[in-house]
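Hi,

Here is the structure I promised to pass on.

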Amino acid sequence: MLLPLRAPHRTGHGVSVLAFDGMSPFELGCVVEVFGIPRPELRVPWYDLSVCAESPTDLRVVGGFTMRAEHGLDVLAAAGTVIVPGVADVRDEVPAGVVAALRRAHGRGARIVSICSGAFALAAAGLLDGREATTHWRYAGLLQRRFPEVKVDPDVLYVDDGDVLTSAGSAAGLDLLIHLVRKDHGPGVANEVARRLVIPPHREGGQAQFIQAAVTPVREGAAVTSAMAWALDHLAEPITIAALAEVAHMSQRTFIRHFNRQTGTSPLRWVISQRVAASLAMLESTSAPVEEIASAVGFDSPATFRHHFTRAMRTSPSAYRRAFHTSGAPVT
């Protein structure tokens, strides 16, 4: 996951999402669910969502129904965050009006976000030139061929490049939307929204989006899941493959094979990513020294923690804390 060194948004602001003829309702629904439902119980300024379209006409939606957006492209371009769901046809040209609106929005400093094949619209507007970006793995090759200036990464859930963010398939869009909430309001609020959606509160953007032979037999899948749950409860302790395999009641070789098939990564790489993820809230909300945080999440030394944190987050723990610290305590 690419993490910019910039201050996060701290107040609620306008979010616009593009609706268009032939769209799938799922991605639009995800945006509405995260940003469009009032959440006064969270006690933070929430978002002002606008659904926008090129023209005020009925739009055909996949599944056999129509909808009409209340706002036009002028409102789309004026929002603080502009979201483009998957386009109807990845081989079609993006309408000139949409391209112009995206360029205007980006030019005035808006945060531009795509879900799934929405990356084709961002690329058509020139907003991905020279940047790392992702899209659904099925379309990654076509995106690279159509827009050779884009550095397409087909193997991640989402890419945060600061003012432009892209996600993989539809479900990965939810991960990116929760990531945005986390950047804006911190881990506590993001975790609460994720709990309401019954989804994981944090999936690292660099996680694989496509796993070959992902369907694991129920018994083996449950065993791997139990080992993962055990690891999350024991992050501060030494965790070995032998210990994980024992929890799963498997041999080490069998456990590694099933774990990789179920998650797309190795057990130890997964443990490291979970330790890095666990450190984020401590960096954001406490003034505990980095050395103390490293020990609390299970790294054997501060140097090891800094190495893995920087590799995963593309910034150091101290720089991350300066950018995202939310506590009233002084930053050290």
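**What turned up**

C116 is buried, with a relative accessible area of 6% (buried means under 20%, exposed over 50% and partly exposed in between, using a 1.4 Å probe and protein chains only). Before you read on: this is a predicted model, where local features need pLDDT of at least 70, side-chain atom pairs count only at pLDDT 80 or more, and totals for chains, interfaces and linings use all residues. Residues are numbered from 1 along each chain as its sequence is written, and side-chain values use heavy atoms, with hydrogens and water left out.

Back to C116: its phi is near 55 degrees, positive even though the residue is not a glycine. Most residues other than glycine have a negative phi. C116 sits in the loop between β6 (111–114) and α4 (119–124); helices (H or I, at least four residues) and strands (E, at least two) are DSSP runs, numbered from the N terminus.

H249 also has a positive phi, about 60 degrees, and lies in the loop between α9 (241–248) and α10 (252–263). H249 is exposed, though, at 74% relative accessible area.

On cysteines, C30 is buried at 6% and C52 at 0%. The structure holds 0 disulfides (pairs of cysteine sulfur atoms within 2.5 Å).

Lastly, the largest nonpolar core has 74 residues, and L177 is among those with the most contacts inside it. Helix α6 (residues 170–185) gives the most to this core, with 7 residues. Such a core is a set of buried Ala, Val, Leu, Ile, Met, Phe, Trp, Tyr and Cys residues joined through side-chain atoms within 4.5 Å.

Cheers
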